[in-house]
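The following note is written for a student who is reading a protein model for the first time. Please keep the sequence and the structure in view while going through the numbered points.

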Amino acid sequence: MDERFLRAFTDPAQMTILGRLVSPFCLRHRVTLASFDSPFLIDNGTFRPLDLLVALKVCAGEPIGKLTNGELGEIIELSDNPKKFIEACITFKGYMLEENHPKFWKKDSGRAGTNGVPWVLNIVAMLTSNGISHKDAWEMPECQAIWMATAYATMKGADLKVLTSEDEYLQANFKKILNRN
């Protein structure tokens with residue numbers, strides 16, 4: 001069975017990052033962070049302590065508003081301790097479990113089109129149209145939501161082919177495997 005799929009359905013759990021209990025990363029978290037232009041949603045983003053604090057507050061379900069004196073102290077502490085800050089950023093990126101999303105075989109001809117609807121909303125719509133509650137669609141672990149939507153889409157005839165972790169291993173080691181025979 002695909003390793004990413006297995007991790008998507010076994011890894012997500014609440015965890016504590018810098019003293020904040022965060023729920024499994026979900027589509028609602030992604031949309032809220034996108035509204036703040038969070039660098040955590042960008043490959044190779046540049047992070048600041050404030051970005052990390054906002055991301056943690058979002059995922060912990062804490063209100064975003066004027067910073068408290070304690071939160072200002074957290075930002076100063078992270079600024080003064082780069083090692084702690086970098087470790088917390090790495091922990092947060094790992095907590096998002098993006099590496100557990102399915103990967104797809106790329107089509108040879110042309111670029112895949114888009115219908116103009118944000119991909120997050122497409123995932124939620126696919127889930128709710130298949131009986132998952134609106135709340136659950138927005139709050140289930142993101143990696144699970146994407147796997148479920150992928151399965152529903154293929155059941156409805158979508159031309160998708162998941163690139164399994166086994167396929168990736170074979171691609172990466174193709175020459176080695178051929179040379180053994």
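**Aromatic and charged contacts**

1. One aromatic cluster is formed by F25, F40, F47, F92 and Y95. Rings of Phe, Tyr and Trp (its six-membered ring) pair if their centres lie within 6.5 Å; planes under 30 degrees apart count as stacked, over 60 as edge-to-face and the rest as tilted. By this rule the count comes to six aromatic pairs.

2. This is a predicted model, in which local features need pLDDT of at least 70 and side-chain atom pairs count only at pLDDT 80 or more, while totals for chains, interfaces and linings use all residues. Residues are numbered from 1 along each chain as its sequence is written, and side-chain values use heavy atoms, with hydrogens and water left out.

3. F5 and F9 form a tilted aromatic pair, 5.0 Å centre to centre with 45° between the planes. Both lie in helix α1 (residues 3-10), four residues apart, about one turn of the helix. Helices (H or I, at least four residues) and strands (E, at least two) are DSSP runs, numbered from the N terminus.

4. F40 and F92 form an edge-to-face pair, 4.8 Å centre to centre with 65° between the planes. F40 lies in the loop between α2 and α3 (49-59) and F92 in helix α5 (residues 82-95), so the pair ties together parts that are 52 residues apart in sequence. Both F40 and F92 are buried (buried means under 20% relative accessible area, exposed over 50%, partly exposed in between; 1.4 Å probe, protein chains only).

5. The structure holds 16 salt bridges, each being a side-chain nitrogen of Lys or Arg within 4 Å of a carboxyl oxygen of Asp or Glu. One of them joins the side chains of R20 and E74 (2.8 Å, N to O). R20 lies in strand β2 (residues 20-22) and E74 in helix α4 (residues 69-80), so this pair ties together parts that are 54 residues apart in sequence. R20 is buried at 9% relative accessibility, whereas E74 is partly exposed at 23%. R20 and E74 also belong to a network of salt bridges with K57, E62 and E71.

6. On which side of helix α6 do its buried residues lie? In α6 (residues 119-129), V120, I123, V124, M126 and L127 are buried. They cover an arc of only 160° around the axis, which puts them on the same side of α6; the arc is that of the directions from the helix axis to the C-beta atoms. These buried residues pack against α2 (27-35), α7 (134-139) and α8 (142-155), where contact means heavy atoms within 4.5 Å.
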